[in-house]
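Dear colleague,

I am passing on the structure we discussed, and below it you will find what came out of the analysis. Please read the notes with the structure open beside you.

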Amino acid sequence: MTSSDSTSSKHASAKMKDKLFKSLAYTCGIIILVVLASVALFLLFKAWPILGTDQSQVTQTIESLTGGKAHNFFEYVGPLIFGTIVVSAIALFFSLFISIGIALFISHYAPKKLASVLSYVVDILAAIPSVIYGLWGGTVFVPAIAPFWNWVAQFFGWIPFFAGPAANPPRTVATVSIVLAVMILPIITSLSRDIFLQTPRLQEEAALALGATRWEMIKLAVLPFGKSGVISASMLGLGRALGETMAVLMILSPGFTYSLRLLQASKNQTISANIASQYPEANAMGVSVLIATGLVLFVITFLVNYVAKRITTKKVGA
């Protein structure tokens, strides 16, 4: 075999491998879309009875689920959407900037050995099941945080968010939001750390060569480079907070109002925790109602990720 034949054979083999990989990648992408569509169709199919059946039966079911506080589906799902968004937004607010700070410390400030240990710890924390956080929150954090919430209500009660009296035990939105913040903090930290470590070395050295301090170098080179990635990481953490079930179920005292009194119990409830708490005793129509609320949560999560994708795309384009 001549060298030209060998070269053409290698080229044909590489081309075949390239086509095989391309086909595999397309197949994986199609599978993801099929799974997503299947989930959406399942939720629609299971929730359809609340639209296609006698509305008086739906009303009766919703009244039984809420103790007469709601009479139609929108009255039922509205406070749940409100509670889900409030709890998740507060959790993201508490965790985001702390996560960025930890990620920057690991990637640009900590000694190499310490950074390796901290990275390992962060990755382990990100993998801990949510029920463990719920157990810790319900048995350790709730009793420990009570004096602090009493102090907040006493000195900052003039702010509507912190109006007292603070619940005791504090199974409130404020408490569960902090537990969720602790839960999503390792996820955002881990992804942000990996993104900051990918900052082009030449950009960092150029900033330092121009006389920038380490913080100025981070502000000029690292943060702009990682901005879109941090947004994606925060949206991933927000997605976990939106869908969190066990930790919320084990800590939060449920309510059915549009209240922003964060230190008072029995004010709010999330969609996922509501499904978990009411599903075991629900009849067939009740299950359809609960699955319909799950469909609403699916749409909310989809919209959050869509908005995040649009934001990151604009940042990259800019």
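A residue is called buried under 20% relative accessible area, exposed over 50% and partly exposed in between, with a 1.4 Å probe and protein chains only. By that scale Phe 94 is partly exposed, because its relative accessible area is 37%, while Phe 93 counts as exposed at 57%.

This is a predicted model, in which local features need pLDDT of at least 70 and side-chain atom pairs count only at pLDDT 80 or more, whereas totals for chains, interfaces and linings use all residues. Residues are numbered from 1 along each chain as its sequence is written, and side-chain values use heavy atoms, leaving out hydrogens and water.

Phe 93 and Phe 94 also form an edge-to-face aromatic pair, 5.9 Å centre to centre with 65° between the planes; rings of Phe, Tyr and Trp (its six-membered ring) pair if their centres lie within 6.5 Å, and planes under 30 degrees apart count as stacked, over 60 as edge-to-face and the rest as tilted. The whole structure holds 9 aromatic pairs, and ring pairs join Phe 148, Trp 149, Trp 151, Phe 155 and Phe 156 into a cluster.

The protein chain has 12 helices and 0 strands, where helices (H or I, at least four residues) and strands (E, at least two) are DSSP runs numbered from the N terminus. Of its 318 residues, 42% are buried, and its C-alpha trace spans about 85 × 55 × 35 Å along the principal axes.
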